[in-house]
Amino acid sequence: MRIAYISQSTLPSRAANSVHVMKMCSAFAQNGHSVALWGLRSKKDAFTRSGSIFRIYGVQPNFSMFRLMHIRGAYWLYVLRAVLGARRWKPDIIYCRCVFSARFATRLRLPVYFEAHHPFDGNKDMEAAFRDLIASPHLRRIVFITRALENFYKSTYPEISCETLVSPDGADPMPQELASPVPTRARVQVGYVGQLHPGKGMEIISLLAARCSWADFLVVGGEERAIVDWKNKCRNISNITFKGFVSHREVYRYIVGFDVVLLPNQRVVGVAGNRSLNISDWTSPLKAFEYMAAGKAIISSDLPVLREVLEDGVNALLCDPEDVEQWRQALIQLSKEPELRRMLGANAQRDFSAHYSWSARARSIITPSGADGSSVSESSLG
């Protein structure tokens, strides 16, 4: 099958959406499909100085890539050029995360899969484009990253009649060369990987580190401005270190060294470029699946959307996102019970292997459509 993936991601960039797009295109290709990706190219393009885009993201160069220059204030031009370029490629499916690209493709009578990661947050243009999209017979399937998001869309837009699928985000399996046991150390090593903007959890990590001086905390990721801000806020906390940004292919080299990993999403989580949008009720964090793939003991915020993947006492310990004392007690418990750490990590890794690799996700999405047009929401959740 020929799959034309039209993204709205700048490639390369530090944004999680760019990781998702690159990993999914590679996974589609690994499943035997011919794949071409359209994305944006920044004028600066500083990341390419460190090597090819494929190498930066740790994926095989098994798909084609077309990067179009991003002209500020002219996103519609990108949509036009990307969709027309994809049509010339003669795909069997146009795969979109951008509602405008999806709508334009259906107007050209091209078969479209649309993937939704959050609501439109009152954006009237996007909502109008989506209503137009779901009225088209050329929309074949909508992919949602969580059940909560699917339920929201179906209650908000009851006119949805195409197939729908719930397929959480994913991760790559842990590289074999990193799978050897980590030596026991005197101090517990606690890690966080991800962005540092409001709601991602530095609010709780900083308080937890201050109360757990017997553990070492390493924060991997973030934009320079946010790192400087949090370094300043944590200047009196000696047991917290900020590594800064690392390329995605290097992430597991840090995760493997942690004894405990943190997923401290708050009840309000913004996104880069749109801090007014709260994705806390819908998100499927990449880091959750990377932690699971590495077989690490996870302490996570107890939020309904995260409970779709994590189960308290089985593959993670869940805590109130704002109660630092609960997080402290969970960390104390894991520091004193290495067998519990091993059990939680093993269960998380088992669940990952069964359901949440990028390859399994790609396989679940590109399947024959049901004859009755019914939802196939459970197929990727085991």
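Arginine 267 is partly exposed because its relative accessibility is 37%; the class spans the range between buried, under 20% relative accessible area, and exposed, over 50% (1.4 Å probe, protein chains only). This is a predicted model, in which local features need pLDDT of at least 70, side-chain atom pairs count only at pLDDT 80 or more, and totals for chains, interfaces and linings use all residues. Residues are numbered from 1 along each chain as its sequence is written, and side-chain values use heavy atoms, with hydrogens and water left out.

Arginine 267 has a salt-bridge partner, aspartate 320, with the closest N and O atoms 3.6 Å apart. A salt bridge here is a side-chain nitrogen of Lys or Arg within 4 Å of a carboxyl oxygen of Asp or Glu. Aspartate 320 lies in the loop between strand 13 (317–319) and helix 11, and arginine 267 in the loop between strand 11 (260–263) and helix 10 (286–293), so the pair ties together parts that are 53 residues apart in sequence. Helices (H or I, at least four residues) and strands (E, at least two) are DSSP runs, numbered from the N terminus. Aspartate 320 is also partly exposed, at 26% relative accessible area.

The structure holds 18 salt bridges. Another one joins glutamate 325 to arginine 211 at 3.9 Å, N to O. This pair links distant parts of the chain: glutamate 325 sits in helix 11 (residues 324–336), arginine 211 in helix 7 (residues 202–211), 114 residues apart. Glutamate 325 is partly exposed at 28%, and arginine 211 is partly exposed at 45%.

Arginine 307 pairs with aspartate 302, with 2.7 Å between the closest N and O atoms. Arginine 307 is partly exposed, at 43%.

Now turn to buried positions. In helix 6 (residues 147–156), Leu149, Glu150 and Tyr153 are buried. Why do the buried residues of helix 6 line one face? Seen down the helix axis, they fall within an arc of 100°, so they line one face of the helix. The arc is that of the directions from the helix axis to the C-beta atoms. Asn151 and Ser155, on the other side of helix 6, are exposed. The buried residues pack against strand 5 (112–116), helix 5 (124–134), strand 6 (139–144) and strand 7 (163–166).

Methionine 22 belongs to helix 1 (residues 16–30). Methionine 22 counts as buried because its relative accessibility is 0%. Beyond its neighbours within four places in sequence, methionine 22 contacts (heavy atoms within 4.5 Å) residues including Leu11, Leu37, Ile53 and Phe54.
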